[in-house]
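Subject: Model for you to look over

Hello,

Here is the structure I promised. Please open it next to this note and read the two together.

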Amino acid sequence: MRRELGILAALVVALAGCAAQQKAPAGDGSAAGVTDTTIKVGGVLTKTSASGYSTKDAEIGAKARFGRANAEGGVNGRTIEFVGAEDDGQDAAKGDAAAKKLVQKDQVFAVLPVHAPNFGGAAFLEQQGVPWFGWATGPQWCGTRTGFGYNGCLAPKPGAGSQTWWGRQMADLLGGAQGKTVYVQTTDSSGSKYGGKTISQSFEAAGFTLTGLNSALPAAAPPPDWLPYVNKIMTSNAGRPPDIVVSIIAGTKFNVGLYAALKKAGYKGALSDATSYDVAILKDPATAQAMEGVIAAPMFEPFESTAPEIAQLRADVEKVAPGTPLTQHLAIGYWAADIFLDMVKKAGKELTRQKLLDIGNGSYLYENAGFGRIQYPKDHNEPNGCGALVKLEGGAFQVAKNMKCFDNVPLK
């Protein structure tokens, strides 16, 4: 009899366990990383890479924004527990492993900041329904329901909205685009080539004439001889140089080589790229000289701005990391965290991943003078259309055009 009662008791326990499992959605985990008083998050960055490219400063930016939020009492009664950022080494497989570690082992609620050009964890996070926030530089951000780039999607599909702000800001800076020409140089990487396509259309939409789009430059390392590329640029405008050369090349070494070679060949026009807004450039006199006059195009309000939002950013960073130089990567971590906090606030006290996704994908709009505006779900498929210009003059960066937002145009 005892044996039968023992079996019956075990069966009751087993059935109760099955019932409990059936009450929770399969693979849910929507409350993972959330307690009554905290929200746990962690990021994925490219802290180290063979090329020397690093986005590690984004971790400081996120800490700074979370630090202020926590000092103000958190969001809806919860403070942010930031476990730091994993390093993907610019390797997609390591990025996938990093995302899985954060979700499965560390039990984070969301993944941020994600600032890794070759991030490989997107498919896993999408499948698991885990929100992730960062700089949407690649196609893995586009068309998702879980990936929220603070700048939208920079790799729209044909027919979707493509950014025009860079070309229009340059047109305003140069007194108009009529009669002016532009040449775009990229590497042969897929991301660089895609960027060249969209940026070319940005300048054409602003009224510039495109004289060339060259994507033959190898992405692995700067070429030993820049002359073939320089010769194409210098004769692209009916045998003459273009008014603007735009570089869609990730890496200071590439840009230094290209710009120095162009100046040696006598180029007097404007030089512009998206990555040269970097204080590290100013530390090396030779690099600073090669980059003198470059017009960089950050997708946020420059640090030299007098805007209150930028003064707040500087103060927040100084509290968590006194004396830290302000970089693009730092700003990206900061603004990604800012958007996450806004979304969490709007989700309310009963916080789950699904509720956050419902907020983010349900006519979400957030505007901030520090980075412009973001609208979801629209910006899962196109850029937010906002950016600024800074110019390197006399060994210092100056605001050339304050951050402004423009309407996109359909990508051809």
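Contact here means heavy atoms within 4.5 Å. Helices (H or I, at least four residues) and strands (E, at least two) are DSSP runs, numbered from the N terminus. Buried means under 20% relative accessible area, exposed over 50%, and partly exposed in between, with a 1.4 Å probe and protein chains only.

This is a predicted model: local features need pLDDT of at least 70, side-chain atom pairs count only at pLDDT 80 or more, and totals for chains, interfaces and linings use all residues. Residues are numbered from 1 along each chain as its sequence is written, and side-chain values use heavy atoms, with hydrogens and water left out.

**Helix H2**

H2 has 15 residues. From first C-alpha to last it reaches 21 Å, close to the 21 Å expected at 1.5 Å a residue. (The expected span is 1.5 Å times one less than the number of residues.) The buried residues of H2 are Asp-57, Ala-58, Glu-59, Gly-61, Ala-62, Ala-64, Arg-65, Phe-66, Arg-68 and Ala-69. Their cover includes strands S1, S2 and S3, helix H11 (308-320) and helix H12. Just after H2, Gly-73 takes a positive phi of about 100°.

**The second largest pocket**

H2 also turns up in a pocket lining. A pocket is an open set of points on a 1 Å grid over the protein atoms alone, where a 1.4 Å probe fits, with protein on both sides within 12 Å along at least five of seven lines; lining residues have an atom within 4 Å of a point. The second largest pocket holds about 200 Å³ of space. That volume is the space filled by probe spheres set on the points, which are joined across faces, edges and corners.

Its lining consists of Arg-65, Ala-69, Glu-72, Gly-74, Val-75, Asn-76, Asp-338, Leu-341, Asp-342, Lys-345 and Tyr-366. Two elements give two or more residues to this lining: H2 (57-71) and H12 (328-347). H12 gives the most, with 4 residues. By class, the lining has 4 nonpolar, 2 polar and 5 charged residues. Here Ala, Val, Leu, Ile, Met, Phe, Trp, Tyr, Cys and Pro count as nonpolar, Asp, Glu, Lys and Arg as charged, and the others, Gly among them, as polar.

**Helix H3**

H3 covers residues 92-105. Its 14 residues should span 20 Å at 1.5 Å a residue, and its end C-alpha atoms are 19 Å apart, which agrees. Which residues of H3 are buried? They are Gly-95, Ala-98, Ala-99, Leu-102 and Val-103. These cover an arc of only 120° around the axis, so they sit on the same side of H3. (The arc is that of the directions from the helix axis to the C-beta atoms.) An α-helix has 3.6 residues a turn, so residues three or four places apart point the same way.

The buried residues of H3 pack against S1 (38-45), S2 (79-87), S3 (110-115), helix H4 (122-128) and helix H13 (353-360). The face turned away from the buried side carries the exposed residues Ala-93, Lys-94, Gln-104 and Lys-105. Ala-97 also lies in H3. Ala-97 is partly exposed, with a relative accessible area of 45%.

**Backbone points to check**

Most residues other than glycine have a negative phi, and most peptide bonds are trans. The exceptions here:

- The peptide bond from Leu-112 to Pro-113 is cis, with omega near -5°. Pro-113 is in S3.
- A cis bond also joins Tyr-376 and Pro-377, with omega about 15°. Pro-377 is in the loop between S13 (372-376) and S14 (386-393).
- Ala-238 has a positive phi of about 55°. It is in the loop between H7 (227-234) and S9 (244-248), and counts as exposed at 70% relative accessibility.
- Ser-363 has a positive phi of about 60°. It is in the loop between H13 and S12 (364-368), and is exposed, with a relative accessible area of 70%.

Ser-276 is in the loop between S10 and H9 (280-283). It is buried, with a relative accessible area of 1%. Leaving aside neighbours within four places in sequence, Ser-276 is in contact with Asn-255, Tyr-259, Ile-281, Met-291, Val-294, Ala-296, Gln-328 and Phe-397.

Lys-268 is in the loop between H8 (252-264) and S10 (270-273). Lys-268 counts as exposed, at 79% relative accessibility.

Best wishes
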